[in-house]
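Hi everyone, thanks for making time for this one. Let's get the sequence and the structure up on the screen, and then I'll walk you through what I found.

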Amino acid sequence: MIGGLFIYNHKGEVLISRVYRDDIGRNAVDAFRVNVIHARQQVRSPVTNIARTNFFHVKRSNIWLAAVTKQNVNAAMVFEFLYKMCDVMASYFGKISEENIKNNFVLIYELLDEILDFGYPQNSETGSLKTFITQQGIKGQTKEEQSQITSQVTGQIGWRREGIKYRRNELFLDVLESVNLLMSPQGQVLSAHVSGRVVMKSYLSGMPECKFGMNDKIIIDKAGKGGVTNEAGKSTSGKQSIAIDDCTFNQCVRLSKFDSERSISFIPPDGEYELMRYRTTKDIILPFRVIPLVREVGRTKLEVKVVIKSNFKPSLLAQKIEVRIPTPLNTSGVQVICMKGKAKYKASENAIVWKIKRMAGMKESQISAEIELLPTNDKKKWARPPISMNFEVPFAPSGLKVRYLKVFESKLNYSDHDVIKWVRYIGRSGIYETRC
Amino acid sequence: MTDSKYFTTTKKGEIFELKAELNSDKKEKKKEAVKKVIASMTVGKDVSALFPDVVNCMQTDNLELKKLVYLYLMNYAKSQPDMAIMAVNTFVKDCEDPNPLIRALAVRTMGCIRVDKITEYLCEPLRKCLKDEDPYVRKTAAVCVAKLHDINAQLVEDQGFLDTLKDLISDSNPMVVANAVAALSEIAESHPNSNLLDLNPQSINKLLTALNECTEWGQIFILDCLANYTPRDDRESQSICERVTPRLSHANSAVVLSAVKVLMKFMEMLPKDLDYYGTLLKKLAPPLVTLLSAEPELQYVALRNINLIVQKRPEILKHEMKVFFVKYNDPIYVKLEKLDIMIRLASQANIAQVLAELKEYATEVDVDFVRKAVRAIGRCAIKVEQSAERCVSTLLDLIQTKVNYVVQEAIVVIKDIFRKYPNKYESVIATLCENLDSLDEPEARAAMIWIVGEYAERIDNADELLESFLEGFHDESTQVQLQLLTAIVKLFLKKPTETQELVQQVLSLATQDSDNPDLRDRGYIYWRLLSTDPVAAKEVVLAEKPLISEETDLIEPTLLEELICHIGTLASVYHKPPSAFVEGSRGVMHKRLPARTGSGEGTECPDVGNAAGGSAPEAAPSIIPSQGDLLGDLLNLDLAPPTTTGPTPSTSGMQMGGMDLLGGGLESLLFNMVSHPKMGAGFGAAPAVMPASLNAPVGGGLGDLFDLGGGVGMPMGAYIPPKTVWLPAMKAKGLEISGTFARRAGVIQMELVLTNKAMSVMTDFAIQFNRNSFGLAPAGPLQVLTPLGPNQTIEVSLPLSTVGPVMKMDPLNNLQVAVKNNIDVFYFSCQYPISMLFVEDGKMERQVFLATWKDIPNDNESQFQIQDCHLNSEAASNKLQGSNIFTIAKRTVEGQDMLYMSIKLSNGIWVLAELKVQAGNPNYTISLKCRAPEVSQCVFQCYEAVLKN
């Protein structure tokens with residue numbers, strides 16, 4: 001199991017050091033600093049073995065978190081734990097920075113004591129942690145409160161406490177998708193997928209039981225077969241449904257029920273959390289198409305023309321559009337002409353950045369640039385990194401639709417109809433690249 | 001005010017100041033001081049001098065302060081054991097506190113105070129806490145048992161904590177169960193032979209129930225523990241799989257990977273024709289792909305594991321090639337891993353896409369990545385024959401870029417392509433020669449020289465090219481020198497007239513001016529060869545080379561199996577068994593995949609090199625890995641890659657011939673050369689005769705060159721089972737027949753004892769066999785010449801032939817016999833040991849063995865256990881040899897001897913066997929592979945009979 005956990009600043013100074021196991025000595029702290037943080041070359045692996053001690057590290061801005069062990073631990077678990085650790089710290093004191101860590105070091109030690117015991121991760125849900133790790137002491141608690149805390153921390157529903165009350169029962173559902181594309185210069189899709197997340201903010205009283213439904217092909221096909229033999233109904237539902245390649249759920253979702261009935265039922269945590277993640281690869285709506293044209297004019301000049309086409313309903317507006325066209329390292333000057341938005345050559349980033357605030361569906365825009373090159377005797381050709389794009393669209397590129405989210409709370413007197421529900425779809429670019 | 005100020009105190013005399021503050025009356029000031037102490041501790045200052053003062057602060061009702069003091073205690077108690085006793089009272093008191101959080105805190109902390117003296121004081125409080133009414137205290141106490149065990153294992157056993165811990169597995173609270181499982185698993189690891197976890201269907205059921213209810217971390221503990229269980233049969237295996245599959249949808253990647261581990265392991269036991277087996281395979285792919293959208297570090301862990309899974313079961317991800325395409329922004333460690341998996345998944349169906357991608361990658365920035373991409377193109381050419389032409393043209397395009405390292409890498413892989421498809425792409429040689437000057441890496445230079453030597457007859461100026469290399473001979477690395485030597489000798493043999501001078505030059509350079517023994521030896525060998533018998537030299541040096549196989553860096557099957565059992569862990573990330581990087585006994589137990597239980601079907605566990613070969617490799621006469629690095633590394637050679645294959649070992653007679661020149665004194669030296677693995681490899685011969693699977697550590701190398709079978713001891717003679725009564729007198733009117741079978745000097749004998757228990761004389765004996773599986777038939781009449789009087793016994797031996805009519809019997813080795821005498825005809829049936837049929841020339845060539853092993857489908861493999869056999873591997877091998885079971889090779893992997901054996905049956909069926917013998921373990925494992933899997937069972941029986949007698 002995890003033998004120790006260290007947090008370093010960018011210089012390699014230790015900010016936090018907590019050792020759980022006897023086999024980890026003080027020199028381990030230095031070994032990591034010398035071999036990884038101060039290493040000349042770029043780190044080639046997130047797992048390093050130094051003198052029979054294994055280090056797992058992740059970096060958040062310029063802070064290094066390292067878990068250390070001498071045993072054959074579950075590596076996936078160690079990384080999941082480090083991410084979780086970051087989440088927990090972030091929810092306690094915001095951004096993970098040197099200052100924040102120094103300011104909260106007592107709190108961090110207290111957290112580390114609680115969420116990792118002898119190197120075994122324990123309950124790490126911020127919801128329940130915040131009930132008893134407060135930095136204010138827990139002196140004033142009554143016996144009932146204390147046992148409530150412990151039963152929550154260890155219980156089956158560790159993520160939600162009893163007795164939550166809201167005057168207005170409300171929930172917000174965000175379908176956030178990031179669409180990823182790799183396209184060849186000729187416009188052939190090399191790979192495309194959508195990775196989506198359903199993020200929920202729930203402000204519900206009591207211990208509500210929720211059921212979430214979406215236009216998942218498997219469920220709809222099932223319903224279609226079991227239900228009325230209406231041919232028309234079947235075909236329309238077939239069109240609207242989407243094939244989900246895979247999905248994963250927050251730990252509140254009953255997985256065995258999903259496995260057997262494919263229904264998503266759960267008791268939600270309070271506040272904001274990620275209900276599910278999913279991935280689709282079929283019938284993706286690619287919001288933009290990028291058509292590049294690069295011409296080398298002699299050894300000292302490049303002509304670049306890029307056309308972007310929006311491919312969605314004309315009534316919808318895409319926002320925050322940014323096209324990044326890489327330029328060679330020996331660029332000496334750039335002249336740009338664009339029809340829409342603003343374009344600039346950023347020498348420090350070796351790219352032309354073209355920004356458009358808004359763009360409606362089924363439109364087209366174009367940029368052309370002349371790039372002057374310094375003559376070099378460098379034999380190596382320019383690698384031509386792909387043209388990448390950023391944008392945000394108000395729909396789900398996978399075609400996912402929320403069909404329902406039902407709330408049942410039998411003990412309190414509010415019903416599904418009394419809950420105010422908001423649904424929002426946002427599609428963003430993930431890695432959206434076209435080779436040129 | 002913030003806490004960061006505590007980090008800034010660097011004044012001198014600080015300790016005294018802190019001491020004063022710690023003893024202050026004001027609570028706030030005390031707390032501040034303790035914080036300062038902790039901050040100093042964090043940055044590595046020694047504040048142990050403050051021990052008594054800090055411990056004095058322990059008696060407080062301020063929980064925050066208490067926690068800080070505990071933190072200090074955990075760090076320094078070991079250095080101040082006497083002082084630590086001061087804290088015991090507080091712990092004991094805190095364990096009785098009405099607040100469960102404080103009780104838990106106390107029990108958690110005291111486990112971390114690793115001072116022997118105080119551990120015994122802690123037993124009572126721990127016992128209470130293990131039975132606490134509050135689950136939070138119980139789950140903490142469960143882990144504390146593991147802590148205490150780490151300090152004093154004996155104490156934990158004596159105090160009966162292990163039993164209490166076992167009881168906690170049935171606790172009503174899922175988190176208590178999870179922690180108890182984690183603690184027990186850890187304790188069990190340090191006692192490999194104890195039956196601590198005692199997994200049985202009931203306890204498994206409890207774990208599976210808890211699995212649905214506990215936290216994500218608890219699920220990981222439970223799944224990892226489940227993976228150690230071996231279900232009794234395929235049905236149990238399936239039902240566990242069914243209950244584990246929902247975990248594949250968990251958001252936590254570690255839960256998913258641990259579930260994958262359980263499924264991959266238990267899947268071994270499911271019959272392949274089962275519908276569920278197919279369903280399960282399908283279910284595994286999507287979650288594995290999803291892992292690739294996790295954070296990069298986790299992607300890396302996932303990819304390393306996918307690499308293993310793809311080798312074990314290529315069918316799972318064969319359609320998912322695209323997800324492994326490299327993204328521009330992927331960290332380099334992710335890119336390299338993806339590339340590796342892409343090559344493993346490359347097939348005829350997707351090769352076009354893969355090549356297009358690889359070509360893109362070859363223009364990237366990172367040198368390592370580009371090199372790997374270029375190399376990958378070469379591997380594609382070797383793996384998918386249809387794509388070879390396109391690969392070669394892609395490589396030529398890349399050579400045109402003139403990027404130095406791209407060109408060099410391309411030349412190295414083109415050499416391999418030449419080896420795989422001789423006489424097909426030689427047209428490109430001209431292009432390669434143009435780049436001769438830009439090559440500065442030994443490997444690329446060596447490859448180029450090899451090409452020039454190999455195709456010397458087609459390159460007009462080959463002599464000039466090689467001569468140009470010769471100029472700086474002494475500055476070259478050994479690899480290049482060796483290659484140059486061989487290439488020039490080749491050239492000489494091809495164009496003897498023009499190059500005599502050149503060859504003399506190189507021979508003198510190698511033998512006289514070099515102080516590298518390997519180079520010198522190779523030089524002498526060539527010299528002698530050429531001067532004694534140029535024709536033989538030609539045969540040796542220009543011998544046809546064995547083809548290279550496509551899969552070069554496959555993980556060795558036994559290791560792969562072990563790593564599959566470690567999915568998700570560090571071992572799977574390093575691709576090394578835990579014993580390679582974990583100190584002490586912990587986690588060093590070797591894990592194995594379970595064997596399939598369905599009786600009729602063979603297991604498909606260990607297979608040599610075949611794991612990832614979706615397309616079974618052709619049974620080429622001999623196949624060696626294309627890149628010698630694997631073998632080379634193991635033999636500790638930095639010499640020529642084995643692709644320089646020169647003489648084959650059959651030439652030893654010729655080498656003896658060369659001895660005359662050297663006189664008797666060198667006789668032993670030369671003999672050493674032949675038998676010493678390291679030197680042998682210098683000839684480039686060793687790897688060629690060593691099957692790819694037998695990448696044995698150095699020790700094994702010797703046996704490879706040596707004729708193992710002939711070298712060890714005297715054969716002990718075939719095993720002959722004791723005589724048994726085949727026909728009782730009651731059933732045969734007074735004639736009793738008992739007998740056995742033996743193989744003597746290559747002749748199968750049926751040895752009969754006939755006893756007359758009747759009152760009258762018996763005469764006119766004759767014998768006949770029914771048709772049987774191997775066509776056994778009497779080779780002559782039954783020789784009973786004199787009449788058999790009452791109470792008389794006669795022993796006859798009947799030679800048998802194997803040319804009689806054949807009919808498959810059940811069991812296979814059943815023989816139905818009819819014996820006639822003057823009284824009547826009697827029928828009986830007996831079973832002969834199949835070892836009677838093992839012929840004397842059943843020793844297979846190594847290369848053939850390897851090729852055949854690969855060629856036989858895994859389904860034909862079956863595995864057996866031989867129990868209670870106390871022979872060491874050598875004795876076993878000797879014994880088996882007596883029964884014509886020939887050991888072809890032997891190697892040792894971590895104390896486990898692996899013997900590879902071959903058997904030939906009288907009807908020409910070959911049986912290949914792999915026998916694993918572990919020192920000190922009386923149970924042997926044997927895997928049999930045969931094109932006619934029906935015989936496996938009989939062969940196994942023979943093994944057992946031979947080894948135990």
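Before anything else, one term: buried means under 20% relative accessible area, exposed means over 50%, and partly exposed is in between, using a 1.4 Å probe and protein chains only. Keep in mind that this is a predicted model, where local features need pLDDT of at least 70, side-chain atom pairs count only at pLDDT 80 or more, and totals for chains, interfaces and linings use all residues. As for bookkeeping, residues are numbered from 1 along each chain as its sequence is written, chains are lettered from A and ligands numbered from 1 in the order in which they are written, and side-chain values use heavy atoms, with hydrogens and water left out.

Okay, cysteines. B:Cys225 counts as buried because its relative accessibility is 1%, and B:Cys930 counts as buried because its value is 0%.

Now chain A by itself. There are 9 helices and 23 strands in chain A; helices (H or I, at least four residues) and strands (E, at least two) are DSSP runs, numbered from the N terminus. Chain A has 436 residues, and 54% of them are buried. Of the contacts in chain A with a separation of 6 or more, 71% come from residues 24 or more positions apart, and contact here means heavy atoms within 4.5 Å.

On to where the two chains meet. On the chain A side, 94 residues are in contact with 107 residues of chain B. The area buried between chain A and chain B is about 8600 Å², and carbon and sulfur atoms give 56% of that. Buried area, by the way, is the accessible area (1.4 Å probe) that two parts lose on being put together, summed over both. Which three residues supply more than any other three of the area that chain A buries against chain B? That would be A:Arg44, A:Asn72 and A:Thr154, with 8%.

A:Arg44 shows up again in a salt bridge with B:Asp368, where the closest N and O atoms are 2.7 Å apart. For a salt bridge, we want a side-chain nitrogen of Lys or Arg within 4 Å of a carboxyl oxygen of Asp or Glu. Between chain A and chain B the count is 12 salt bridges. Looking at which part of chain A does the touching, helix α2 (residues 75–93) gives the most to the side facing chain B, with 8 residues. That side of chain A divides into 37 nonpolar, 30 polar and 27 charged residues.

Within chain B, B:Lys261 forms a salt bridge with B:Asp224, the closest N and O atoms being 3.1 Å apart. B:Lys261 sits in helix α15 and B:Asp224 in helix α13 (residues 216–226), so the pair ties together parts 37 residues apart in sequence. B:Lys261 and B:Asp224 are both buried. There's also a network, with B:Arg371, B:Arg375, B:Glu409, B:Glu441 and B:Glu443 joined by salt bridges that share partners.

Helix α30 (residues 557–564) is mostly covered, with 7 of its 8 residues buried. Those buried residues pack against several elements of chain B, including α15 (253–267), α17 (296–312) and β12 (886–893).

Then there's B:Val939, which is in helix α42 (residues 935–948). B:Val939 counts as buried because its relative accessibility is 0%. Leaving out residues up to four places away in sequence, B:Val939 touches B:Ile834, B:Phe838, B:Ile903, B:Val911 and B:Leu928. B:Phe838 is 101 residues from B:Val939 along the chain, and their C-alpha atoms are separated by 9.8 Å.

Conventions: Nonpolar A, V, L, I, M, F, W, Y, C, P; charged D, E, K, R; others polar.
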